[in-house]
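Subject: Structure handover

Hello,

Here is the structure that I am passing on to you. My notes on what was found in it follow below.

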Amino acid sequence: MESPILPSFFLIIHPGALGDVLQAVPALRVLRANAPGARVVFAGQPRLGRLLVTLGAIDEARDFDGLGLEALFTDAPVPPALADFLGGFARVVSWFGAREPDYRARLGAVARDLVIARPVPYGDTPVWRHLVATLADAAHVDAAATGPLTIEAAAGDRRALLVHAGSGGAWKRWPPERFAEVIEAAVRATGVPVLLHQGPADRDAVDALATALSAPVERLVEPPLPALAAALAGARAYLGGDSGVSHLAAAVGAPSVILFPPAHLPRWTPWSPTARPIAASGGPDEVRLVTRTLEDALTAASR
């Protein structure tokens, strides 16, 4: 017996990391725009699902690991509970498993309306535009799809320059001495206070930056993602490298100067209009450009 369709419920499957998932926000908004009143259920990393609920990007979060999708990679019959669950959605969008023929076929056999695609494109198309394009009925992307996500900004007497010097790989990090030059020039020009964000894997990068700075600065150490989003939303400006934190800063509307390895910038450019991405390989000649861009962002934010 077929399970009843959950009216206007869409299931989004995306187990990627923070930056990857935030690149999907415009596509999620296009889905909702094409189906007003639809509820969006997101299956991914639990902490990212909770963040997306807090930011209003989705309605409900599920743990990707708890769905049992591994059964779709075997030859055994699809468990009835999994088939009923997947078949109950009006649409399933899987930005996962696109290169696995068994997964594609078995998911397609139980989903009523299936979109399945790679989470990133092959070429230099921006990831967020690629994800929108995977939706067969996607309309043009308007300003509403790329506006900032909403969260109440963290309280504070002075809005700070929030800096994130870490990244998912050391090869993507801008040198700490370059960061320090830019930060100190911005402080001299604007008097902005500085706050260094330190995530679970960022201790070495933040220590190196703190050592390169001529004066001690405060640290924001391992805040929960919603608290980090609130701090970023309240920042006067943001400076960081190619990281999920940088994508979060842009997504919540912080004036964001983001330094990408040149080869990464075309594909991973943020969707937010408040982002100011720069191709930066770490050379000393880049300091002037980054400093000028950051000071412009700080000046504009203070008006």
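**Strands, sheet and helix contacts**

Strands β6 (residues 161-164) and β9 (residues 237-241) run parallel and are joined by four bridges. Within this pairing, Leu162 has Tyr238 of β9 as its bridge partner. Please keep in mind that the model is predicted.

Both strands belong to an open sheet of six strands with parallel pairing, in the order β8-β7-β6-β9-β10-β11. The edges are formed by β8 (218-221) and β11 (275-279), each of which pairs on one side only. From one strand to the next, the twist averages 20 degrees. Packed on the sheet is helix α12 (residues 286-301), which touches β6, β9, β10 (256-260) and β11. The direction of α12 makes about 180 degrees with that of β11.

Next, the helix pairs. Two packed helices are described by the angle between their axes and the distance between the axes.

Helix α9 (residues 225-233) packs with helix α10 (residues 244-251) at an angle of about 55 degrees, and their axes are 9 Å apart. Angles from 65 to 115 degrees would count as roughly perpendicular and those under 35 as roughly parallel, so α9 is oblique to α10. The crossing in which α9 passes α10 is right-handed. On the α9 side, Leu225, Leu228, Ala229 and Leu232 take part, and they meet Val245, Leu248 and Ala249 in α10. By class, the residues of this contact of α9 with α10 are seven nonpolar, no polar and no charged.

Helix α9 also has a contact with helix α3 (residues 46-54): the axes of the two come within 9 Å and cross at roughly 45 degrees. The helices α3 and α9 are therefore oblique to each other, and their crossing is right-handed. From α3, the contact is made by Arg47, Leu48, Leu51 and Thr54, and from α9 by Leu225, Pro226 and Ala229. The contact of α3 with α9 has five nonpolar residues, one polar and one charged.

The residues of α7 in the contact are Pro176, Glu177, Phe179, Ala180, Ile183 and Glu184, while α8 supplies Ala208, Leu209 and Ala212. Sorted by class, the contact of α7 with α8 holds seven nonpolar, no polar and two charged residues.

Last, the salt bridges. How many salt bridges does the count come to? The count comes to six salt bridges, taking a side-chain nitrogen of Lys or Arg within 4 Å of a carboxyl oxygen of Asp or Glu.

Regards

Terms used: Residues are numbered from 1 along each chain as its sequence is written. This is a predicted model: local features need pLDDT of at least 70, side-chain atom pairs count only at pLDDT 80 or more; totals for chains, interfaces and linings use all residues. Side-chain values use heavy atoms; hydrogens and water are left out. Two strands pair if DSSP finds at least two bridges between them. Axes are lines fitted to C-alpha atoms, for helices over the stretch in contact, and angles run from 0 to 180 degrees between N-to-C directions. Contact means heavy atoms within 4.5 Å. Angles under 35 degrees count as roughly parallel, over 145 as roughly antiparallel, 65 to 115 as roughly perpendicular and the rest as oblique. A crossing is left-handed if the near helix is turned anticlockwise from the far one by less than a right angle, and right-handed if clockwise. Ala, Val, Leu, Ile, Met, Phe, Trp, Tyr, Cys and Pro count as nonpolar, Asp, Glu, Lys and Arg as charged, and the others, Gly among them, as polar.
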